[in-house]
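User: I would like to go through the terms used for this model and see what each one rests on. Please start with the terms themselves.

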Amino acid sequence: MNTSQNDNSQTQFPNQQRRPRGFAATATATATATATNATDAPGKGRREREKEKERTKLRERHRRAITSRMLAGLRQYGNFPLPARADMNDVLAALARQAGWTVEPDGTTYRQSPPSQMPSSSSYGGDAVRSSLESPVSTSSLKSCSMKSGGGALDCQPQPAAVHRLDESMSPASLDSVVMSERDGRGQKYSTSSPIHSVDCIDTDQLIQDVRSGEHETDFTGTPFIPVYVMLATGFINNFCQLVDPQCLREELSYIQSLNIDGVVVDCWWGIVEAWSPQKYVWSGYRELFNIVREFKLKLQVVMAFHECGGNDSGDVLIPLPQWILEIGKENEDIFFRDREGRRNTECLSWGIDKERVLKGRTGIEVYFDFMRSFRTEFDDLFMEGMISAIEIGLGPSGELKYPSFLERIGWRYPGIGEFQCYDKYLQENLRKAAKLRGHPFWAKCPDNAGQYNSKPHETGFFCERGDYDSYYGHFFLQWYAQSLIDHADNVLSLANLAFDGTEIVVKIPAVYWWYKTSSHAAELTAGYYNPTNQDGYSPVFKALRKHSVTVKFVCSGLQVSDHPNGDELSDPEGLSWQVLNSAWDRGLTVAGVNALSCYDREGCLRVVDTVKPRNDPDRHHFSFYVYQQPSTLVQGAMCFPELDFFIKCMHGYGY
């Protein structure tokens with residue numbers, strides 16, 4: 001039994017001797033309670049509050065899971081055109097419209113004319129309609145609703161005048177604290193006491209989301225202005241750091257400028273600039289590119305790309321890591337990540353060498369720092385004139401803060417759970433030290449029942465329901481695995497803030513949304529986010545990022561649950577987005593976004609805009625900027641111009 005267990009047992013059973021009786025018992029109990037409260041009250045109260053927070057999070061996740069399944073069934077089998085973030089109020093509105101009622105965006109519900117099968121008596125007159133509209137409705141009243149097969153009328157008592165739709169991102173505590181005025185509204189179609197029309201209603205924009213009709217869903221007039229950046233195609237700089245086809249670049253920038261896009265994002269590849277010899281940096285091609293961007297008076301964001309291009313990225317361009325790094329890797333393959341079969345992954349360097357002098361006398365983070373410092377010195381003039389607005393630091397494959405667990409060249413395909421990437425000798429040594437420090441040296445091993453890249457959670461002993469991920473060993477291993485990811489980000493960002501002092505630093509967070517509805521969240525676990533249903537895996541990451549005052553750039557999928565034809569992957573893009581964004585905002589971080597798809601249709605654009613600047617957020621959170629990613633140049637027609645023009649107008653807060 002460890003020390004904490006001994007302490008608990010002593011607290012629960014303070015006296016093993018014969019218990020005193022009468023006044024002696026009273027005096028002893030009082031003294032014991034006083035002493036215990038004096039010493040344990042602050043700590044115990046804090047622990048209880050933390051436990052209550054976790055219970056609240058679990059209740060909220062459970063509620064959202066049930067709601068999403070119900071809505072998915074209605075969309076699939078009932079053909080209800082429900083919004084992306086629908087709730088029971090949207091279901092009421094859809095039922096009412098199907099029954100022939102008119103439901104306005106503010107929730108006001110009425111009939112244009114009485115149905116033919118109803119008698120034209122006074123019981124269906126205007127007074128009765130008003131009385132029906134004024135009566136409140138609860139979610140439980142849905143149970144008494146049924147559709148009449150003959151006339152299609154909705155047999156439900158009573159009908160609501162306005163359906164209140166509360167922000168589902170609000171916590172239960174904030175919902176309980178909502179207080180609305182009961183005064184009569186002004187200028188209503190019907191005289192109703194609905195708080196929606198009350199002059200003293202608590203900021204209805206924060207509490208109520210319109211059940212959008214076609215004429216209102218694209219109106220973003222007056223919403224916050226969100227700058228939009230476009231990611232430039234990779235092929236403009238070749239592997240010898242030369243600018244390719246300046247005329248084509250000017251044409252593309254001209255198109256970008258005509259669409260009122262605010263700026264461009266350029267990948268600055270480590271494998272190009274420091275390709276041949278250590279600390280021999282060639283910036284000539286990027287200097288020419290930046291000068292052309294300056295001609296068009298566009299803002300510029302630069303990505304410090306410490307990963308290879310062409311692994312899991314789309315397109316025909318292949319940019320490996322520097323040649324001198326690959327030469328070192330031939331002699332010491334453990335500078336790269338390895339999977340359970342020992343296959344190495346050359347997408348990026350292993351985090352196990354962050355502090356190991358195996359790169360010609362330098363550590364991993366020293367190599368990154370020297371590259372960033374050289375860039376800052378070379379382009380000092382652009383920083384001084386404010387052209388470079390932000391620097392994104394690549395922290396893993398595809399520039400995202402994650403392990404390279406989903407390697408397509410080895411055979412991974414969506415929605416495989418991926419594999420743990422910690423079998424190189426440096427991370428294995430780190431694991432042994434952690435297990436020994438924990439007092440369990442035999443835990444210095446990786447799971448042997450975690451499946452393959454394309455396994456499903458229920459097919460493995462580690463990720464299945466009540467699997468080993470939730471055992472004592474599972475907790476230890478997953479916490480160590482996630483902490484290694486956090487430590488890597490902490491180490492690199494500490495030096496990035498030195499190199500780019502005074503410049504906005506951006507970190508890219510992945511969207512691993514498949515298997516989100518399972519208890520283990522297997523794909524997130526292999527990617528390095530310890531986020532099963534009984535843990536919050538993003539708060540520790542954002543707590544570390546908050547120390548460096550970075551901007552979190554979240555990969556927005558633009559998808560919803562119903563977009564997936566088969567639900568075998570139990571994905572939930574909306575649920576993951578809700579958790580990540582709220583966790584970042586709760587930590588006081590600035591949030592930005594980038595798309596994961598090459599092009600959006602109109603519905604996808606609207607979902608992204610609703611994510612970027614939610615209309616019903618009580619704290620009025622919104623993104624600081626958004627990056628539109630495209631696989632090829634604009635002039636080749638890769639972008640959908642009408643949809644992109646619509647998207648930009650929505651982001652800028654204009655009507656369309």
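Analyst: Two strands pair if DSSP finds at least two bridges between them. Helices (H or I, at least four residues) and strands (E, at least two) are DSSP runs, numbered from the N terminus. This is a predicted model, in which local features need pLDDT of at least 70 and side-chain atom pairs count only at pLDDT 80 or more, while totals for chains, interfaces and linings use all residues. Residues are numbered from 1 along each chain as its sequence is written, and side-chain values use heavy atoms, with hydrogens and water left out.

User: What makes β11 and β12 a pair?

Analyst: Strand β12 covers residues 551-556, and four bridges link it to β11 in the parallel sense. The definition asks for at least two, so β11 and β12 count as paired. Across this pairing K508 stands opposite K553, and I509 stands opposite F554.

User: Which strand is joined to β11 by three bridges?

Analyst: Strand β10 (residues 388-393) is, and it runs parallel to β11. There I391 has I505 as its bridge partner. β10, β11 and β12 belong to a closed barrel of eight strands, ordered β5-β6-β7-β10-β11-β12-β13-β14 with parallel pairing. From one strand to the next the twist averages 30 degrees (axes are lines fitted to C-alpha atoms, and angles run from 0 to 180 degrees between N-to-C directions).

User: Why is β11 called largely enclosed?

Analyst: Buried means under 20% relative accessible area, exposed over 50%, and partly exposed in between, with a 1.4 Å probe and protein chains only. Five of the six residues in β11 (504-509) are buried, so the strand is largely enclosed by the rest of the structure.

User: How do you know that the buried residues of α10 line one face?

Analyst: In helix α10 (residues 323-331) the buried residues are W324, I325, I328 and G329. Viewed down the axis they fall within an arc of 150 degrees, so they line one face of the helix. That arc is taken from the directions from the helix axis to the C-beta atoms. Their cover includes α8 (270-273), β8 (336-338), β9 (344-349) and α11 (364-378).

User: What is L545 in contact with?

Analyst: Contact means heavy atoms within 4.5 Å. Leaving aside neighbours within four places in sequence, L545 is in contact with A489, L493, V507, I509, V550, V552 and L589.
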